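Here is a short report on a protein model. Take a look at the sequence and the structure, then read on.

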Amino acid sequence: MTDTRRRVKVYTLNEDRQWDDRGTGHVSSGYVERLKGMSLLVRAESDGSLLLESKINPNTAYQKQQDTLIVWSEAENYDLALSFQEKAGCDEIWEKICQVQGKDPSVDITQDLVDESEEERFDDMSSPGLELPSCELNRLEEIAELVASSLPSPLRREKLALALENEGYIKKLLEIFHVCEDLENLEGLHHLYEIIKGIFLLNRTALFEVMFSEECIMDIIGCLEYDPSLSPSRKHREFLTKTAKFKEVIPISDPELKQKIHQTYRVQYIQDMVLPTPSVFEENMLSTLHSFIFFNKVEIVGMLQEDEKFLTELFAQLTDEATDEEKRQELVNFLKEFCAFSQTLQPQNRDAFFKTLSNMGILPALEVILGMDDAQVRSAATDIFSYLVEYNPSMVREFVMQEAQQNDDDILLINLIIEHMICDTDPELGGAVQLMGLLRTLVDPENMLATANKTEKTEFLGFFYKHCMHVLTAPLLANTTEEKPSKDDFQTAQLLALILELLTFCVEHHTYHIKNYIINKDILRRVLVLMASKHAFLALCALRFKRKIIGLKDEFYNRYIMKSFLFEPVVKAFLNNGSRYNLMNSAIIEMFEFIRVEDIKSLTAHVIENYWKALEDVDYVQTFKGLKLRFEQQRERQDNPKLDSMRSILRNHRYRRDARTLEDEEEMWFNSDEDDMEDGEAVVPPSDKTKNEDDIMDPISKFMERKKLKESEEKEVLLKTNLTGRQSPSFKLSFSSGTKTNLTSQSSASNLSGSPGSPGSPGSPGSVSKSTSQMAAITTKDVPNCL
C-alpha cells in the first residue's frame with residue numbers, strides 16, 4: 001500500500017503571484033552528496049522522476065501553513081510550496097527541517113524573512129519577547145501605533161504575530177469591536193480598522209486561521225467597514241448576510257465541505273472588495289492570503305470530485321426534462337463555477353477532473369442546455385464548453401464523431417454551436433466571436449493527434465466537411481445568390497466576415513478537404529459577390545480569402561479561377577474604387593504583384609488576355625505593365641523554343657570554362673539578367689563569339705524585329721479604335737455615360753487627351769476622342785446557382 005503520509009503536490013509561484021502545479025509525488029529527506037547537505041527530495045508518483053531536489057539551507061525561512069503546507073523561497077523570485085495529503089506527513093518533514101536549522105518544531109516559521117541592521121538585531125535580541133498592551137477600549141490607539149511600528153521590521157512582525165497568537169488577542173479585540181459599535185464610538189472603530197489591517201499585513205497563516213474561523217470572520221469584516229478615509233462606512237456584512245445567498249443546487253451532505261465553501265467565498269470577498277488595494281510595498285505582505293484562497297479552492301474541487309453521489313445527481317437533474325428552467329439555470333451556473341475552480345488543479349488532476357465530467361455525461365448535458373431558449377443558460381453553457389475545448393479538444397472531437405453515427409446533422413453538438421453563432425442577437429456579436437474561436441480550435445490540425453491505429457485529422461475533417469460545413473456556409477450561400485449581397489446590414493456583414501475568417505483558416509490548413517469543397521460548391525464565386533458590399537471590411541475579407549487561395553500556387557485552384565473568370569469581381573472593384581488610395585486599392589495591387597513576382601504563368605496569361613484593356617492605363621505602379629511583360633516573355637518562349645535552347649547553350653558554354661580567375665567578360669555574364677537576354681542583349685565571352693555567332697544571334701534579331709513591328713501595329717489600332725475588351729459573353733468592358741474613374745496618379749492628370757493612362761482626362765483608356773467622356777465598366781451575366 002502506498003504511504004499517503006508522504007504524498008505531496010509541488011507548487012511554484014509565478015510572476016503573476018499565482019501558484020503553478022509542478023506534479024504529485026512522494027517526499028523524503030536525506031543527505032545529497034552533490035549538494036553537500038540534507039535535502040528535500042520529491043519523486044513523481046507516475047514515473048519516479050525527480051520533481052524537486054532542494055537543499056535545506058540553515059538560513060532559509062521555511063513557513064508551515066494550514067497544517068499541511070510548507071512554503072519557502074529558494075531565490076529572490078522563486079517561491080516553492082509542498083502541499084501534503086496528510087497532516088502527519090507535513091509534521092514529519094517539518095521536524096526534519098527544524099532539526100537541520102536547530103529550531104523548535106512548534107514554530108510556524110524558522111527564520112526572519114529579511115535581514116535587518118545589526119543595531120536592530122542587537123536591540124531585539126536584548127528583548128526576547130514583545131509585550132502587548134492590555135486589550136482595553138482606552139488603549140486602542142496605543143495598540144494601533146504598536147502594530148504600525150512593527151510592520152517595517154520583519155523580526156518585530158514575527159514577535160508581534162507570536163504575541164497575538166499566544167494571548168488569543170484577536171478574539172479580545174473583536175469583543176471590544178462589539179462594545180465600540182454599541183457605543184457608536186467612531187474613533188475606536190477607526191483604530192480597530194488600522195489594527196486589523198495591520199494584522200493582515202503580518203502575513204501569518206496561524207492568524208488567518210483564527211480570523212477566518214466561523215465565529216470570527218464576520219466581525220473581522222465588520223472592523224474593516226470603518227475605514228477612516230471612507231465616509232459613510234461600507235455595509236459589507238449586510239451584503240454578505242442579506243444580498244449574497246448561498247444556494248445548494250444539489251444538497252451537500254459533508255459539513256466540512258460546506259464550511260470550506262463559505263469560508264473561501266468570504267475570504268475572496270475580503271481580498272477583492274474589503275481590503276484596500278495594496279501598495280507596491282504591501283503586495284508581497286498578502287502572499288499568504290492568496291495562498292490560503294488558492295489551496296482552499298484546490299480542496300473544494302477535490303472534495304466535490306470525490307463525491308460521486310453529488311455529481312451523479314447534478315447531471316441527472318441537468319438532463320431531466322422535468323427540471324424547471326430556474327433550477328436548471330442554477331445547476332448550469334454551479335457547473336460553470338466548478339469548472340472555473342478546476343483551473344487551480346495541476347495538469348494530472350485537471351485531466352482526471354475533465355475525464356470524470358466526461359464520464360458523467362457533460363457533453364450530452366451541454367447539448368440539452370444549448371437547445372434551450374434561455375440566453376443566460378446558453379451563455380453559461382458556452383463558457384463550460386470553452387473550458388472543455390481549450391483543455392482537451394480531442395475529447396470533444398471524439399464525442400461529436402460518435403454522436404454522428406446515431407443522430408441527424410441538425411442536432412449534432414457542433415452544429416448547435418454553429419447555429420448559436422449564426423443566430424447571435426448581440427449587435428457586436430460577442431458570443432459569435434467566442435464560438436468562432438472554439439470552432440477554430442476544434443478544426444485546427446495542429447492540436448490533432450496521430451497514432452499508429454488512426455489519424456484524428458483525417459477522421460475529424462472528413463466528418464466536419466460532410467456533416468457540418470454546409471451549416472457553417474449556409475448564411476454565405478443564402479446571401480450571395482445575386483450579383484450583390486441580398487442583405488448588407490452591419491450585423492450580417494459582421495457574421496459573414498467571421499465565417500470568411502474561418503474559411504480562410506481552413507484554406508491555409510486543410511488542403512484537399514477545403515479544396516474539394518470550394519471547387520465543388522463554387523464557394524469562391526459566392527464569396528467574391530461580397531466584393532460589392534458597402535462595408536469595406538467585408539469586401540476586404542472576401543479579397544483576403546481569394547488572396548489566400550492564390551498564395552497556395554495550386555494549379556487546381558488556378559484552373560477553377562480561370563474557368564469561372566473569377567478575377568472579374570476583383571477588377572470591377574478595382575475600377576469602381578477609382579483613384580482613391582486606400583486599403584482596397586493596395587490589397588488588389590498586392591495580389592496582382594504577387595502573381596507577377598511569383599511568375600504564376602497560367603494566371604498571368606489569363607489576366608492579360610482578359611483584363612489588360614481595363615488595366616493598361618494604370619501607371620502609378622508598374623505591376624500591370626510588369627504582368628504584361630511577363631506575359632509577352634512567356635509567349636515568346638512558346639513561339640520561339642530556340643530561345644530556351646539558346647539560353648541553355650550559353651549556360652553550357654559558361655560552365656565549360658576552366659575554373660581559373662574570372663575574366664572581365666565572364667564577370668559581365670554573371671552580372672547580366674535573363675531579362676536582358678530576352679531583350680536581345682545577351683553577353684557572350686569573346687572566345688565564343690566566333691563560334692556559331694550567326695546561329696545564336698539570329699533568333700534574338702528576329703524577335704526584336706517582330707517586337708518593333710507589333711508595337712507599331714498596336715499604336716495604329718489604338719488610334720483608330722476604342723476599347724472593346726475581351727470578346728467573351730461573360731465579361732465586357734462597356735461605356736457608361738456620365739461616369740469617370742481615375743486610375744492613375746495625380747501627376748499624370750496633365751497628360752494630353754490622346755495619351756493613354758491619364759485618369760483625369762476626358763478620354764477613356766486607349767481612346768483619343770474628345771467627344772467621348774465615358775469610363776470602362778464591367779458587366780456580368782447572371783451567375784448560375786451551382787448548389
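## Glu74, on a strand

Start with Glu74. Its relative accessible area is 40%, so Glu74 counts as partly exposed: the value falls between the 20% limit for buried and the 50% limit for exposed. Keep in mind that this is a predicted model. Glu74 belongs to strand 6, which covers residues 69-75.

What does Glu74 touch, once residues up to four places away in sequence are set aside? The list is Ser54, Lys55 and Leu80. Take Ser54 from that list. Glu74 and Ser54 are 20 residues apart in sequence, yet 8.2 Å separates their C-alpha atoms in space.

## The whole protein

Now step back. The protein has 787 residues, and 48% of them are buried. Its secondary structure consists of 35 helices and nine strands.

How much accessible surface does the protein have? The figure is about 39,900 Å². Carbon and sulfur atoms account for 50% of that surface. Contacts also reach along the chain. Take those between residues at least 6 apart in sequence: 65% of them join residues at least 24 apart.

## Glu45, in a loop

Glu45 sits in a loop. That loop runs between strand 3 (37-44) and strand 4 (50-55). Is Glu45 buried or exposed, or something in between? Its relative accessible area is 40%, so Glu45 is partly exposed.

Leave out residues up to four places away in sequence, and Glu45 touches Arg7, Thr24, Gly25 and His26. With Arg7 there is a polar contact: the two side chains are joined at 3.0 Å. Gly23 is 22 residues from Glu45 along the chain, and their C-alpha atoms are 8.7 Å apart.

## Two buried residues on helices

Look next at Asn585. This residue is part of helix 28, residues 583-597. Its relative accessible area is 3%, so Asn585 is buried. Neighbours within four places in sequence aside, Asn585 is in contact with Phe574, Asn577, Gly578, Arg580 and Tyr620. Which side chain makes a polar contact of 2.9 Å with the side chain of Asn585? That partner is Tyr620.

Gln317 is found in helix 12, residues 308-319. Its relative accessibility is 18%. That is under the 20% limit, so Gln317 counts as buried. Again leaving out residues up to four places away, Gln317 touches Val249, Ile250, Thr323, Lys327, Arg328 and Leu331.

On helix 18, the contact is made by Asn415, Ile418, Glu419, Met421 and Ile422. On helix 21, the contact residues are Val471, Leu472 and Pro475.

Another pair is helix 23 (residues 512-521) with helix 26 (residues 555-563). Here the axes come within 11 Å, and the crossing angle is roughly 10°. Helix 23 is therefore roughly parallel to helix 26. Which residues meet between them? Helix 23 brings Ile514, Lys515, Ile518 and Ile519. Helix 26 brings Phe556, Tyr557 and Tyr560.

Most residues other than glycine have a negative phi. Two residues here deserve a look.

Leu429 is not a glycine, yet its phi is positive, at about 55°. Leu429 is placed in the loop between helix 18 and helix 19 (430-442). With a relative accessible area of 2%, Leu429 is buried.

Lys553 is also a residue other than glycine, and its phi is positive, near 55°. Its place is the loop between helix 25 (536-551) and helix 26. Is Lys553 buried, exposed or partly exposed? At 42% relative accessibility, Lys553 counts as partly exposed.

Conventions. Residues are numbered from 1 along each chain as its sequence is written. This is a predicted model: local features need pLDDT of at least 70, side-chain atom pairs count only at pLDDT 80 or more; totals for chains, interfaces and linings use all residues. Side-chain values use heavy atoms; hydrogens and water are left out. Helices (H or I, at least four residues) and strands (E, at least two) are DSSP runs, numbered from the N terminus. Buried means under 20% relative accessible area, exposed over 50%, partly exposed in between (1.4 Å probe, protein chains only). Contact means heavy atoms within 4.5 Å. A polar contact is a pair of N or O atoms within 3.5 Å; within protein, one must be able to donate a hydrogen and the other to accept it, and residues adjacent in sequence count only if both atoms are side-chain atoms. Accessible areas come from the Shrake-Rupley method with a 1.4 Å probe; for residues, only the protein chains shown count as cover. Axes are lines fitted to C-alpha atoms, for helices over the stretch in contact, and angles run from 0 to 180 degrees between N-to-C directions. Angles under 35 degrees count as roughly parallel, over 145 as roughly antiparallel, 65 to 115 as roughly perpendicular and the rest as oblique.
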